Amino acid sequence: MSSSALLAFALFATTLQPYEAVEPHMGTLFRIKLYAASEQQAQQAFRAAFARIAQLDDELSDYKPDSELNRLARSAVKRPQPASEDLVRVVGAAEQLSEKTDGAFDITIGPLTHLWRAAVKVHQLPSAEAIAAARAKCGFRKLHVNLQAHTICFDESGMQLDAGAIAKGDAADQALFVLKQLGIQSALVAASGDLAFSDAPPGEAGWKIGVDSLDRADAPFTRVLLLANGAVSTSGPSEQHLDINGVRYSHIIDPRTGMGLTRDLTVTVIAAHGLAADPLATALSVLGPERGLALIDSIPGAAALVVQDENGRHTLSKSKRFPTVEQ
Ligand code: AMP
Ligand code: MG
């Protein structure tokens, strides 16, 4: 860079100010931090980014009866139906991860997640019969996404998609994309455990990302990561679960058994995009540290940390590329 260009860059950088806004979407709070040249630019950017997140929620929610996701599960039985670009991107990525994880991650898990959601409400385990019936309606091999034709098809009626483990990460990516189109180069979007971020804040080396699972006195590992242009997702049983007879069942379900996970794992995944980091964190919770970290090591640019809590004893496992620099 020439010295005049450097000066112009420095002046521009110093005029950028931080702004922050929060809105409820997808059953959680989305927080956006960004650097803008004016209040007006910041507010316009917030409006556009939150509108994009709301649009994705309308398309991908399994809580909204008329979301595109729910409409397709009814109309695309045994006949491929056209789907939006957003649905094809998200459901297509989910299908690919199902292949890679041999079904540990499965977006067709809806019948089971709905059963477990009802169980949490009445504080009772679902019956073995109900679990078997719901399991019979699940299975990614009965879902067909055609990326070229932009269609989706289900083999059976009564199937139900649940994008709860992938939609927030994707929405964070898409919000960043909208912000970039409006000239915002440096932003961070956080939806509870799912974060995606663009360029570092002006004059800084990266966004400071606190890794919750490490915030423990006995965890001598990195607590704050300094990252830019990527995504970090954390999955764990801490937020939602069902406690019955001293056993804690996670909101993450093992598709092979139909049961909520009982192993206490907190998984943090770093990847290039939220569309990858979010479902990978969920997938690793099901796969466990050994198989999960081997998968992460096979994905370029991905890294993960798994903290297992066994009666208060924490075991930490890291993928080969997990950053080790302590801040
Ligand atoms: P996350 O908090 O990102 O780990 O996502 C958890 C949510 O994903 C749950 O609340 C369910 O809606 C859904 N889910 C649960 N188990 C699975 C699974 N094995 N594969 C895909 N999605 C799942
Ligand atoms: Mg997830």
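Axes here are lines fitted to C-alpha atoms, for helices over the stretch in contact, with angles running from 0 to 180 degrees between N-to-C directions. The views show a predicted model, in which local features need pLDDT of at least 70 and side-chain atom pairs count only at pLDDT 80 or more, while totals for chains, interfaces and linings use all residues. Residues are numbered from 1 along each chain as its sequence is written, and side-chain values use heavy atoms, with hydrogens and water left out.

**View 1. Crossing of helices H2 and H7.** Helix H2 (residues 39-60) and helix H7 (residues 167-181), both DSSP runs (H or I, at least four residues), have axes that come within 9 Å and cross at roughly 145 degrees. Residues of H2 including Ala45, Arg52 and Leu60 meet residues of H7 including Ala167, Asp170 and Leu179, where contact means heavy atoms within 4.5 Å.

View 2. Asp278 and Thr282 are separated by about one helical turn because they are four residues apart in helix H8 (residues 274-297). Asp278 is buried, with a relative accessible area of 3%, where buried means under 20% (1.4 Å probe, protein chains only), and Thr282 is buried at 11%.

**View 3. Surroundings of Ser186.** Ser186, which is buried with a relative accessible area of 6%, touches residues including Lys33, Tyr35 and Trp207. The side chain of Ser186 reaches the backbone oxygen of Asp199 at 3.0 Å.

Conventions: Chains lettered and ligands numbered in written order. Helix = DSSP H or I, 4+ residues; strand = E, 2+ residues; numbered from the N terminus. Buried < 20%, exposed > 50% of the residue type's maximum accessible area, 1.4 Å probe, protein only. Polar contact = N/O pair within 3.5 Å; in protein donor to acceptor, adjacent residues only side chain to side chain. Lists of a residue's contacts leave out its neighbours within four places in sequence.
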